[in-house]
Amino acid sequence: MISISTLWRVAGGLAAVLLLTPVHTQAQDLLNQLESQSTDSLRREYVTATFKGTRVINGHSIETPGKGSLVFLISHRFGTLNSGAYEFFGLDQATIRLGLEYGLTNNLAVGVGRSSLEKTYDGFVKYKAVRQSSGPRAMPISVTLLATSAVSTLKFEPQPERSTTSRFTYTYQALLARKFSSNLSVQLMPTLVHRNYVALRRDENDVYAIGAAARQKLTKRLALTAEYYYLLPGATADDYRNSLAVGFDIETGGHVFQLHFTNSQGMIEKFFVPQTTGNFFDGDIYFGFNISRAFQLRN
Amino acid sequence: MKPQVLFIVLLLGGLTALPGLAQSKFLTRTGSISFFSATPIEDIEARNEQVGAAVDVQSGQIAFTVPMKGFQFPRSLMQEHFNENYVESDKYPKATFSGTLVNWTPAALPTTGPQTVQVEGDLTIHGVTKRVRVPGTLEKQGNRLLVKSKFAVAPADYNIEIPALVRNQIAKSVDVTVNLACNPAP
């Protein structure tokens, strides 16, 4: 039978061991302690870089330039791939849009642009209304609101003179996006294009569409992108095609190159939403690219 | 001595030692770490005010935890690139340091003026852990403990890849400045 004194001795030994051991692991313990008391999970954190650029391909993404940042954006589309060797598979032709966009705040941006197609000037206001976040009161999606106007400045002759108002087209979009993981982002874009003037009686002044877009990263600096605008049933949907685009985002450090294939020639909403004529699967595919360069004007 | 007495002495010793240890600890959740990358083309500076740190002046242990997304850059695009491409904050949300003051005795902490110290320990950035030894100072100010340190970190040591196109704009060795004002742990 074990005596009481032996028990005491064992207990004393155990106590001594418990009190004296933690010396060499203390630094690690301090770190663990620090992390266990961490309040990081209580911090609200906004999700960033849902998309790499302010455009997915043709259309806008939820992203805006940060405060004080001026982005110079060159968008370019060649002719169609099926135009044959005579047109060098489209490379002989080109349409271009030059644009500037500026972040007034981290959530509000304005931009202007000029497309060679129909000599069109455009301007827009873009506002990040809701930002996806984690932590307390987490928000599952981001919502950016976009309003654009475009004015075609083609000469009227030989057509009869019209009012200046007839040159204007407006687009309203709600861009809803979620970054599911660091690799996958998905966006939905309910869209309304209002045209002050349409050439034919059967053409619609208001065109409704729903867009969907996604980005899947392939490597750290290369991503696959896709964008599709579905025209809601109506005369426009009967006469025109839905815009489809697929491409790659390539990041080189300072800027992002976007290379893509699309059945739309224009690079602003008034062209690619209601006026796409190309049949992607017949080879009416425009090869194109967007290049952006950011300059920080103000901190 | 009887074993019973020995046990009670040890127990009492343990109990009294614990609050003593607790009081020797200093903590902060709002420490500051900034880094500076200087090249002929571009200077880049970022600051993080969300550093958690603990110092035990009794044992000379020191630990840090740095949420990588807390670094604020003057340019939003730089901040995005830093998080997305360089330190991969989603994958490696924190940088940590866990080390000890070299040749430390609690008596070495003067009541006035900064005390120069060396710290040796494990620095983990971008999932890579390196043994480092850096200089710093400790200073007792009222009941607070001020910790300052300045050292260099080479991004390449921590597998932080920098693409060729911007290689000339990011320094091979980045200066890190640590500035903490720790309060006594409750």
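The buried residues of helix α2 of chain B (residues 76–86) pack against two strands of chain A, β2 (69–80) and β14 (286–296). A residue counts as buried if 20 or more other C-beta atoms lie within 10 Å of its own, as exposed if 12 or fewer do, and as partly exposed in between, with C-beta atoms placed from the backbone. This is a predicted model, in which local features need a pLDDT of at least 70 and side-chain atom pairs count only at pLDDT 80 or more, while totals for chains, interfaces and linings use all residues. Residues are numbered from 1 along each chain as its sequence is written, and chains are lettered from A and ligands numbered from 1 in the order in which they are written.

**Confidence**

- The model scores an ipTM of 0.72 and a pTM of 0.81.
- Chain A averages a pLDDT (the predictor's confidence in each residue, from 0 to 100) of 89, and 89% of its residues score at least 70.
- In chain A, pLDDT stays under 50 over residues 20–24, a stretch for which the model has one contact beyond four places in sequence; two residues are in contact if their C-beta atoms, placed from the backbone, lie within 7 Å.
- Chain B averages a pLDDT of 85, with 88% of the residues scoring at least 70.
- Over residues 9–22 of chain B the pLDDT is below 50, and this stretch has nine contacts in the model beyond near neighbours in sequence.
- Where pLDDT is low, the predicted coordinates should not be read in detail.

**The barrel of chain A**

- Twelve strands of chain A close into a barrel in the order β2-β3-β4-β5-β7-β8-β9-β10-β11-β12-β13-β14, with antiparallel pairing; helices (H or I, at least four residues) and strands (E, at least two) are DSSP runs, numbered from the N terminus, and two strands pair if DSSP finds at least two bridges between them.
- Neighbouring strands of this sheet are turned by 20° against each other on average, direction ignored, where axes are lines fitted to C-alpha atoms, for helices over the stretch in contact, and angles run from 0 to 180 degrees between N-to-C directions.
- Strands of a sheet pair through backbone hydrogen bonds, either parallel or antiparallel.

- The bridge partner of A:Ile210 is A:Tyr230 in β11(A).
- Strand β11(A) (residues 222–231) is joined by eight bridges to the antiparallel strand β12(A) (residues 243–251), where A:Thr225 stands opposite A:Gly247 and A:Tyr228 has A:Leu244 as its bridge partner.
- Seven bridges join β12(A) to the antiparallel strand β13(A) (residues 256–262), in which A:Gln258 stands opposite A:Asp249.

- A:Phe124 stands opposite A:Thr148 in β7(A).
- A:Gly123 is partly exposed because 14 other C-beta atoms lie within 10 Å.
- Leaving aside neighbours within four places in sequence, A:Gly123 is in contact with A:Gly111, A:Val112, A:Thr148 and A:Ser149.
- The C-alpha atoms of A:Gly123 and A:Val151 are separated by 9.0 Å, although these residues are 28 apart along the chain.

- Chain B has two helices and eight strands, which run α-β-β-β-α-β-β-β-β-β from the N terminus on.
- Of the 186 residues of chain B, 29% count as buried, and among its contacts between residues at least 6 apart in sequence, 58% join residues at least 24 apart.
- In helix α2(B) the buried residues are B:Ser76, B:Leu77, B:His81, B:Phe82, B:Asn83 and B:Tyr86, and just after this helix B:Glu88 takes a positive phi of about 50°.
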